[in-house]
Amino acid sequence: MRKAIEIARREIGYKANGSESKYFSELFPGKRAMPWCVPFIEWVFQRAYGKQRALKMLYMQDGKFISSVTSFMNLVKQNNKWHFKRAEPFWLVFLAQENEWTNHVEIIEEVNDSIIISIGGNCGGEVKENIYDRFDARISGYAEIIYEEGD
């Protein structure tokens, strides 16, 4: 579990060139640059656990990564791993930024009764550590991630 967080932490401060990020480019070579919060998560998990395990852990059973937050959220829900109130370290937090629909995802580093500390890609064009009030209205829900023993 900590392996993904360690990799994500090392990326804090990375700044994309506009919408061009190394995360999106590496996972989707030759495709037009898109928002990259989901590719950041996928890139971190692939680095930590290898591509096949990352795909499985992130509920992407068709063998390829996706870049859409909505599609990713729907996969989590289809696999019955969506939670509205329960949050755990090393899970994912989905957010509705700027009072819109759910359009952002970050990996949870720490959580307690009052705050969530997470690491996200494409936060103002860079990788940042963020702190949210535990009951922030922007939080849409949480994705449970299943880790294997020893992760």
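This is a predicted model: local features need pLDDT of at least 70, side-chain atom pairs count only at pLDDT 80 or more; totals for chains, interfaces and linings use all residues.
Residues are numbered from 1 along each chain as its sequence is written, and side-chain values use heavy atoms, with hydrogens and water left out.

Val93 belongs to strand 2, residues 92–95. Strands here are DSSP runs of E with at least two residues, helices are runs of H or I with at least four, and both are numbered from the N terminus. Strand 2 is covered on both faces: Leu92 and Phe94 are buried on one side, and Val93 and Leu95 are buried on the other. "Buried" means under 20% relative accessible area, "exposed" means over 50%, and "partly exposed" is what lies in between (1.4 Å probe, protein chains only).

Now for the partners of strand 2. Strands of a sheet pair through backbone hydrogen bonds, either parallel or antiparallel. Two strands count as paired if DSSP finds at least two bridges between them. Strand 2 runs antiparallel to strand 6, with four bridges joining them, and it also runs antiparallel to strand 3, again with four bridges. On the strand 3 side, Leu95 has His104 as its bridge partner.

Next, strand 4 pairs with strand 5 over seven bridges, and Ile116 finds its bridge partner in Tyr132. That is a hairpin too, with two residues between the strands, and its Gly124 takes a positive phi near 65°.

Why is strand 4 described as largely enclosed by the rest of the structure? Seven of its nine residues are buried, so the rest of the structure largely encloses it. Asn122 is found in this strand, but counts as partly exposed because its relative accessible area is 26%.

Asn122 has another feature worth a look. Most residues other than glycine have a negative phi. Asn122 has a positive phi, near 60°. Tyr59 is another non-glycine residue with a positive value, near 65°. You'll find Tyr59 in the loop between helix 4 (51–57) and helix 5, and it counts as buried because its relative accessibility is 6%.

Rolling a probe the size of a water molecule over the atoms shows where empty space is left. On a 1 Å grid over the protein atoms alone, a pocket is an open set of points where a 1.4 Å probe fits, with protein on both sides within 12 Å along at least five of seven lines; its lining residues have an atom within 4 Å of a point. The largest pocket has a volume of about 380 Å³, where volume means the space filled by probe spheres set on the points, and grid points are joined across faces, edges and corners.

Which residues lie nearest the centre of this pocket? Out of 22 lining residues, they are Pro35, Cys37, Asn103, His104 and Asn122. Strand 5 gives the most to the lining, with three residues.

Finally, visit Glu11 in helix 1 (residues 2–11). Is Glu11 buried or exposed? Glu11 is buried, because its relative accessible area is 11%. Its side chain joins that of Tyr23 in a polar contact of 2.5 Å; such a contact is a pair of N or O atoms within 3.5 Å, and within protein one must be able to donate a hydrogen and the other to accept it, with residues adjacent in sequence counting only if both atoms are side-chain atoms. Leaving aside neighbours within four places in sequence, Glu11 is in contact (heavy atoms within 4.5 Å) with Lys22, Tyr23, Phe40, Trp43 and Val127.
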